[in-house]
Amino acid sequence: MPISSSILESIIREAGALAMSHFKDLKKLEVIKKSPRDLVTDADVAVEAFLQAALASRYPQFGFWGEESGQSANQTSRWIVDPIDGTHSFSRGQYFWAISVALEIDQELIFGAVYAPALDDYYAAEKGKGAWKNGERINVSTESNLADAMIATGFACLRAYLKDNNLERFCRIAEITTGQRRFGSAAIDLCLVADGQVDAFWEQELNLYDVAAGALIALEAGATVTDFQGKLGIFPKQILATNGKIFDELLLLM
Ligand code: IPD
Ligand code: CA
Ligand code: CA
């Protein structure tokens, strides 16, 4: 492993402290609309700038792709960063938002971390070495009955322009499951599948920076990650992560 998970944790926790300094003074937060339902704040930009500088200083060999600043030259080995996933929640003083950092080398995700500072939860995984939450090993749930399951989903910011906006799918699945949640951060949603807090998560029209770290954490915790047709892999435009035990039944409803 060409990186140190403890050094990365300290960099990401420092980014979390920066995000919290903005979170604790929301009256001063500058909020800009990137599109009718997609927000960015000065906190997003500041956290991404901090992470890009800190990661470049410690690991100059890797490129960088951040949601707000775009892609650097080296994209074969790159950090994939969402500085604040759940910006809308962040801007309203809610706790479900997270910093998402993944490392991809030659198109293979080898490290992912999702840090939710307001919840004080740090999730991380290295490929082939399992998934962890605050230093404890985590695994997906054992729920095998879809009728008893709790599911989570999200509604893409651009849903107004989508023929399939997930609302019919959500109602179809909500009718037969016990619990439904919309937490507001895809990165956290995927970690909650990894931690067995929810049994499945799906969403459309995301970007790789929303899901890269969370999907690796879910996979390393034993999740099945596919598109809506059941093809194995991480597909940000159609991502479905389950505990594997309700996968077949849920796939029929996607
Ligand atoms: C958003 C969150 C949300 C999802 C949106 C994403 P952002 O990320 O992940 O849960 O439903 O589609 O855009 O914009 O807050 O980084
Ligand atoms: Ca995001
Ligand atoms: Ca974001």
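Buried here means under 20% relative accessible area, with exposed over 50% and partly exposed in between, using a 1.4 Å probe and protein chains only. Strands are DSSP runs of E with at least two residues, and helices are runs of H or I with at least four, numbered from the N terminus.

This is a predicted model, where local features need pLDDT of at least 70 and side-chain atom pairs count only at pLDDT 80 or more, while totals for chains, interfaces and linings use all residues. Residues are numbered from 1 along each chain as its sequence is written, and side-chain values use heavy atoms, leaving out hydrogens and water.

First, the whole chain. It has seven helices and 15 strands. Of its 254 residues, 54% are buried. The C-alpha atoms fill a box of roughly 50 × 40 × 30 Å along the principal axes.

Now to strand β8, residues 121-126. Six of its six residues are buried, so the strand is largely enclosed by the rest of the structure. In a regular strand, side chains alternate between the two faces of the sheet. On β8, one side carries D121, Y123 and A125 and the other Y122, A124 and E126, and all are buried.

What does β8 pair with? Pairing requires at least two DSSP bridges between two strands. Strand β7, residues 108-116, runs antiparallel to β8 and is joined to it by six bridges. In that pair, A113 stands opposite A124. Four residues separate the two strands of this hairpin, and D120 in the turn has a positive phi of about 55°.

Strand β9, residues 131-133, is also antiparallel to β8, with three bridges. Here A125 faces A131 across the pair. This hairpin has four residues between its strands too, and G128 takes a positive phi near 80°.

Methods
Chains are lettered from A and ligands numbered from 1 in the order in which they are written.
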